[in-house]
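Open the model in your viewer and keep the selection tool ready. This tour goes stop by stop.

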Amino acid sequence: MNLFGTDGIRGTYGSTLTDGTAFLLGKSLALLSDCPIVVVARDTRKSGGALFSALARGVYSGGGNVINLGVLPTNSVGHFVRKLGGDYGVMITASHNPPNDNGLKVFDRYGVKMCSSKQAVISRMMNSLKDEQDLTEKVFEPVFYDIENIYSEDVLKTVNVRVDKLKVALDCCYGASFKVAPLIFAKAGALVTAFCNKGDGEKVNVDCGATHPEFLADKMKNGKYHLGFAFDGDADRLCVFEGTQCVPNNRVFYAYAKYLKETGRLCKSKVCGTTLTNGGVEAALNKIGIELARSDVGDINVFNRMVKDGLNFGGEESGHYLLCDFATSADAIVNALFLCKIYKEKGSILRYTSECVDVPYSVSNIALTESNCRLSNPNCLAATADRVSSLYPNCRVVLRKSGTENKVRAYLEGDQSEEAMKLVVATFAQDLSGKK
């Protein structure tokens, strides 16, 4: 059984994700190589410490060693795997999920998230070791000294941007960015106001952060900030404000692509989106000579398509952007800094991207229950999509089972998308007997 979802192993702590899961992952990684070094970071969730201890115990029991980065964003794991010569990396986080969830994102020696074939190997090994857990001892591995300053300097050197006197508001959502994001922006010269900048794992993503933009929207109302950035729990997802207005994620994506094209830095005049990238974005990109490739949802799928096509920029509508000249995974802090560079050079992001207009679309996240879960298998999803497409031929229909939550994600695009979405929702509202 493959234990990995769209982005690592994820679940509710103590139920579908346990210390035993972390131990087995650690031991499996250690047994895959000879005396490997595993670089580990985490977000602020209460369960993070116990999961780290169990993971480290697993690594040590398999003959490996651990480097503890403490609380840092997800991309720091890939960065320090490369910088420190590690063999593997693990980020302990459930990203944008609620505080009671947690997860394990795994990186290879190149600082890239594990591909599906390697995930399958690790899953098989974890399943074979399930009766060999040893959680009797705790591990208190010290945090790598001065790691926040080291990472801050590395990010600033990589992105190479000054944002002197730019007034910036940051919503750190009590997550992995709570220390390092204000530090990086201050070092870059910004006048920083940080909100939710405490390490409180019980509040991470709760009514704040990238998935709750209304929090930062309220803070931006006074109009004293040029730009505002909201991060999620592990700081790989970004939400952007300019003044009092939220910049739609599709226009943020377009801004990066347009700027890279104009400055001669876009490889092959091509970028990678996903099946959920709006058709309006594609049309706007085509008008300025940029081709859009599409991958399945998930930043590892975006990354793999970018590698295949030799591209240096891609992203998802969710707010994950891959600027691969700077990072091997989505880093919301890096992405925010680079957007500041665009703002300083081009002016208003909203004006700069005004030609990027979305095609009408409708989105729904449909909860799965015992009565409708059978409809989430690939064949049923394809059949439902075909049925909707036959009735609404001008709609583009994307139905997929979430890899991070027990839901089906429905995305419909076109003039009749709202009407078509009613049919999709009604389909999942029926129980197995066909009754509503």
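**Stop 1: helix 5**

Select residues 147-159, which form helix 5; its buried residues are I147, Y151, S152, D154, V155, L156 and V159. Bear in mind that this is a predicted model. Helix 5 has 13 residues. From first C-alpha to last, helix 5 reaches 18 Å, close to the 18 Å expected at 1.5 Å a residue.

Now show what surrounds it. The buried residues of helix 5 pack against strand 3 (65-71), helix 3 (74-84), helix 6 (180-187) and helix 11 (332-346).

Keep helix 3 on screen beside helix 5. Their axes come within 12 Å and cross at roughly 85 degrees. Angles from 65 to 115 degrees count as roughly perpendicular, so helix 3 is roughly perpendicular to helix 5. On the helix 3 side, the contact is made by N75, S76, H79, F80 and K83. On the helix 5 side, select I147, I150, Y151 and D154.

**Stop 2: positive phi angles**

Some background first. Most residues other than glycine have a negative phi.

Select D146, in the loop between helix 4 (116-128) and helix 5. D146 is not a glycine, yet its phi is positive, about 60 degrees. Is D146 buried, partly exposed or exposed? Its relative accessibility is 36%, so D146 counts as partly exposed.

Go to the other end of the helix. N160 follows helix 5, and its phi is positive, near 55 degrees.

Next, select S95. It sits in the loop between strand 4 (88-92) and strand 5 (101-107). S95 is not a glycine either, and has a positive phi of about 55 degrees. With a relative accessible area of 2%, S95 is buried.

**Stop 3**

Select residues 167-171 and 191-195. These are strand 6 and strand 7, which pair in the parallel sense over five bridges. Then trace the chain from strand 6 through helix 6 to strand 7. This β-α-β crossover is right-handed.

**Stop 4: a buried methionine**

Select M306, in helix 10 (residues 299-309). Is M306 buried or exposed? Its relative accessible area is 1%, so M306 is buried.

Which residues does M306 touch, leaving aside neighbours within four places in sequence? They are C272, L311, N312, F313, G314, L322 and C324. M306 and G273 are 33 residues apart in sequence, and their C-alpha atoms are 9.5 Å apart in space.

**Stop 5**

Last, find the open sheet with strand order 15-17-16 and antiparallel pairing. Which strands stand at its edges? They are strand 15 (361-367) and strand 16 (396-401). Each has a single partner strand, so one side of each is left without a neighbour in the sheet. The twist averages 10 degrees from one strand to the next.

Zoom in on strand 16 and strand 17 (residues 407-413). They run antiparallel and are joined by six bridges. Pick K401; its bridge partner in strand 17 is V408.

Helix 13 (residues 378-391) lies across strand 16 and strand 17. It runs at about 160 degrees to strand 16. Helix 14 (residues 417-429) packs on the sheet too, touching strand 15, strand 16 and strand 17. The direction of helix 14 makes about 10 degrees with that of strand 15.

Technical notes
Residues are numbered from 1 along each chain as its sequence is written. This is a predicted model: local features need pLDDT of at least 70, side-chain atom pairs count only at pLDDT 80 or more; totals for chains, interfaces and linings use all residues. Side-chain values use heavy atoms; hydrogens and water are left out. Helices (H or I, at least four residues) and strands (E, at least two) are DSSP runs, numbered from the N terminus. The expected span of a helix is 1.5 Å times one less than its number of residues. Buried means under 20% relative accessible area, exposed over 50%, partly exposed in between (1.4 Å probe, protein chains only). Contact means heavy atoms within 4.5 Å. Two strands pair if DSSP finds at least two bridges between them. A crossover is right-handed if, with the strands pointing away from the viewer, the path from the first strand over the helix to the second runs clockwise. Axes are lines fitted to C-alpha atoms, for helices over the stretch in contact, and angles run from 0 to 180 degrees between N-to-C directions. Angles under 35 degrees count as roughly parallel, over 145 as roughly antiparallel, 65 to 115 as roughly perpendicular and the rest as oblique.
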